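Hello,

Please find the structure below, and after it some notes on what was found in it.

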Amino acid sequence: MKVDMIIQNAWVFQTATQSFIKKNVSIKDGKFYYISQAEMQNLTPKKIIKAENQYMIPGLIDAHMHIESSMTTPTIFSKAVLRFGVTTVVADAHEMANVFGLEGLDEFMKAETELDIFHAIPSSVPSTTPELETTGGIIGLPEVAELLKNPKIICLGEAMNFKGIAYEPESLIRKIIDLCKKERPTMPLEGHCPKIYEEELADFLFSGITSDHTHQFPVSLKEKIEAGVFIQFQNKSITPENMQVIIENEFYEYASIITDDIMADDLLNGHLNENVKKAIKAGLPIEKAIYMTTYTPARRMGFHDRGEIAPGRIADFILLSDLENFSFDAVYKAGEKVYEKGAAIDYPEVIEQFPASYRQSVHCKALTTDDLVIKIATEKESVRCNVIQKQEVGTFTERITKEIPVKNGILQWQEADCALLIVMERYGKNGNTSFSLMDKPITEKGAIATTWAHDHHNVMVMGNTPEDIVLAQNKLVAIQGGYIVVSNGEITGECPLPIGGILSQAPIEELGSSLQKVRSSMQALGYRNMNEIMSFSTLSLPVSPAIKVTDMGMMDTKTQEFYPLIFPEDGVLLNEDID
């Protein structure tokens, strides 16, 4: 029998026993063929790889992630992550869909890649409803029906609208879930349910959703798994305490390790492999970490052709000499080498994949300092305001009350150590502008602006001086999207994302370097968080606890009720654009 390749004497990961056994592995037509401890005398290979002292594991599978979070295109992303052993991903391109709708999603899925990219139906476009936030596109029932016909679609992407899912049977998200259950009854329905427990969790799961990838905590992790939730551990949930829950209860079958969001600068150094290493450091046995990034995600997504080294499975695999440090020697996709240690990324020639109009998608006015004067009708010398306070770990926020002076009918927010947070509708639909206040998010004078504002991706700018806010917002509109950081009247960080305000076709090294500069500039302003970029970009995510901002105002993300900037009994806003 002729075969394409034989890998001799490798320590092969046995999925069934989650252990390593020294074996010979043959590959034929891009799939694993015969695997044995015995010599393969009856096979004639075109190539032999002597893998003495090397380990062989299946290609890593990332079952929940967003390519747009890396701010690059699928083609460039494919090249960037294959070197990190990732051979299959399930991408939820709801960022692209929020900006360009079904058309943008179709353009995204047309990309040719070596990496196997399967897709989720973006279930939350918008993440709440059009009455609560303005997006460029909407994925409704007709769009979902069309996507269900596409073989690249394998699951419903993270359903996030808790109120609509749990308590509103006629909501769009419930109708989307019901349509998926009718047309594809065995398709996984992915969920997003942070800080939801007990009967509320049951109300959420009763819809048919069976997974969660949000920030996990030991106190609720066991409850969720015992309630039938498949847990997908992203970076911030990979803690010794959470891993101990998995180990003590032997919950390995009910969880996987994912990335969810990996920023462009993080992608310079790693992808899913870094989360595997973090899990091992947090106490998870390495064999279990491999199992939870190969087999359990494959089974979750119905991939019966990959996820283990076994006859008939696609020959996606990694060779590594240093198992303890999880350092790769080579990566193979369908039996072909796609990365060798030390090799540079061979980027394809840049081809403009997207329509030219995608580079002219930010349509909102340039701010002036006059626009930032908040006028109030009140007889009081100070008024009580609802103010957002961010946390330094994770993306959660909370609402606090601050007493803020008023002089000559103008709110003196700077005197109360507040920053102004502004969201401007950028799709040319209604011109909405909302103003909120934050409790000292930065310690130095400056401003931060972006169009990468989860998930509606309107223009969002925050700062503590009007001049810096104006400079940051004006520059952001001029470059048609990205990130801008201003300090004392100077632009100190800039990362252009000209494709829809969320993507770039620059090489990862160039894009990552620009984003690193943005990150360091935010740090220099005193913005504190374990992930500054994600923390800032999710201030606008109205499904993430507890208080977030859209172009329509500051919202309690659980009740979906808007808070007024100023307590009504204290005063009345006179600005037309401020809710």
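**What was found**

Cys418 counts as buried, because its relative accessibility is 3%, where buried means under 20% relative accessible area, exposed means over 50% and partly exposed lies in between (1.4 Å probe, protein chains only). Before going on, please keep in mind that this is a predicted model, in which local features need pLDDT of at least 70 and side-chain atom pairs count only at pLDDT 80 or more, while totals for chains, interfaces and linings use all residues. Residues are numbered from 1 along each chain as its sequence is written, and side-chain values use heavy atoms, with hydrogens and water left out.

Cys418 lies in strand S21 (residues 418–424); helices (H or I, at least four residues) and strands (E, at least two) are DSSP runs, numbered from the N terminus. Leaving aside residues up to four places away in sequence, Cys418 touches several residues, among them Val387, Trp413, Leu437 and Asn464, where contact means heavy atoms within 4.5 Å.

Turning to aromatic rings, a search of the whole structure finds 13 aromatic pairs. Rings of Phe, Tyr and Trp (its six-membered ring) pair if their centres lie within 6.5 Å, and planes under 30 degrees apart count as stacked, over 60 as edge-to-face and the rest as tilted. The pair of Phe32 and Phe317 is tilted, because the ring centres are 6.0 Å apart and the planes stand at 45 degrees. This pair links distant parts of the chain, since Phe32 is in strand S3 (residues 31–36) and Phe317 in strand S14 (residues 317–320), 285 residues apart. Both Phe32 and Phe317 are buried. Phe317 also pairs with Tyr332, and here the centres are 4.5 Å apart and the planes at 5 degrees, so the pair is stacked. Tyr332 belongs to strand S15 (residues 330–333), so its pair with Phe317 ties together parts that are 15 residues apart in sequence.

Finally, in helix H9 (residues 272–281), the residues Leu272, Asn273, Asn275, Val276 and Ala279 are buried. They are on the same side of H9, because they cover an arc of only 160 degrees around the axis, the arc being that of the directions from the helix axis to the C-beta atoms. What covers the buried residues of H9 includes strand S6 (60–65) and helix H8 (240–249).

Best wishes
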